Amino acid sequence: LLDGDEGPNTGGMGAYAPAPVYDDAVAEVVHARILAPTLAGLRREGRPFVGVLFVGLMIDASGQPFVIEYNCRLGDPEVQPLLFGLRVPLLPRLVDAAHGRLRPEALAGDPAATVVLASAGYPGTPRTGDRIEGLEALASEPDVKAFHAGTRRDGSDWVTAGGRVLGVCARGPTLPQALDRALAAAERVRFAGRQLRRDIGARAR
C-alpha cells in the first residue's frame, strides 16, 4: 500500500512495462522452465491452451524466476500499461492468437506506467461516495488515460465506489518519462482520503 513496500499487501498499486528485471536471460529461463512445461502439460492432459495465460512471477536477486500464480485472464492493473502502450490494434492480434498465427513481435509497445488511486480504508473496508475531481483535465492529454475501477456516477459527478478507484496510465518514449507522466497525472486527480504510491517503478529508473 505504501512507498517502500510498507503497509499491508494489496492487489496492486501500480504497474509498468517493460520491466527491466525481465531481460533476455530471464525470459529464456522463464520459457524453458515455466512456460514450455506448462503448455506441454496442458497438451498432454488433452486441453491445449488458447487464450491469455497470466503468469505471476517473482524474480530473485540472482535473476531466477518463481511462479506465484496463474490466471486465465489479463491481470489488472498490469494490463493497463501493456494495452495503452500497444502500437497496434489489439483485436486482430487476438484473432491471430485464436488461429495460432500470433508472432511475439506483433505485440510490441511503447513504455507505459500506471499509478493506482485507492480510496480511504483500502485494502480493508473502502470508503465510498467521495467526489472525484480532476478527471476532465486528463481527457485532453493523448498520452494519459484514466482507467475506471471503483467509480460510479452521482448525477454529473464521478464518486468513489470501491477500493482501487482509478488507474492513471501514461505512455512515453522512455520508461522514466512514462513513469513521470503517470505520477504527475495521478497527482492532479483528487478525492477525500486518496491513497497512492509515489515510488511505482523506482527500481526501473
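**Contacts, strands and one histidine**

Guide: Among contacts in the chain between residues at least 6 apart in sequence, 65% join residues at least 24 apart. Contact here means heavy atoms within 4.5 Å.

Visitor: Where does the model come from, and how are residues numbered?
Guide: This is a predicted model, where local features need pLDDT of at least 70, side-chain atom pairs count only at pLDDT 80 or more, and totals for chains, interfaces and linings use all residues. Residues are numbered from 1 along each chain as its sequence is written, and side-chain values use heavy atoms, with hydrogens and water left out.

Visitor: Thanks. How many helices and strands are there?
Guide: The chain has 5 helices and 9 strands. These are DSSP runs numbered from the N terminus, with helices being H or I of at least four residues and strands being E of at least two. The radius of gyration of the chain is 18 Å, close to the 17 Å from the globule rule for 205 residues, so the chain is as compact as a globular protein of that length. That radius is taken over C-alpha atoms, and the rule is 2.2 Å times the number of residues to the power 0.38.

Visitor: And what share of the residues count as buried?
Guide: Of the 205 residues, 34% do. Buried means under 20% relative accessible area, exposed means over 50%, and partly exposed lies in between (1.4 Å probe, protein chains only).

Visitor: Let's switch to strands. Which way do strand 7 and strand 8 pair?
Guide: Strand 7 (residues 151-154) pairs with strand 8 in the antiparallel sense, over 4 bridges. Two strands pair if DSSP finds at least two bridges between them. Within this pair, Thr 151 stands opposite Thr 160.

Visitor: What happens between those two strands?
Guide: Their hairpin has 2 residues between the strands, and Gly 155 takes a positive phi near 70° there.

Visitor: What about strand 5 and strand 8?
Guide: Strand 5 (residues 131-132) and strand 8 (residues 157-160) run antiparallel and are joined by 2 bridges. Arg 131 stands opposite Val 159 in strand 8.

Visitor: New topic: where is His 148 found?
Guide: His 148 is in strand 6 (residues 144-148). The residue is partly exposed, with a relative accessible area of 39%.

Visitor: Which residues is His 148 in contact with?
Guide: Leaving aside neighbours within four places in sequence, His 148 is in contact with Leu 135, Trp 158, Val 165 and Leu 166. The C-alpha atoms of His 148 and Val 165 are separated by 6.5 Å, with the two residues 17 apart along the chain.
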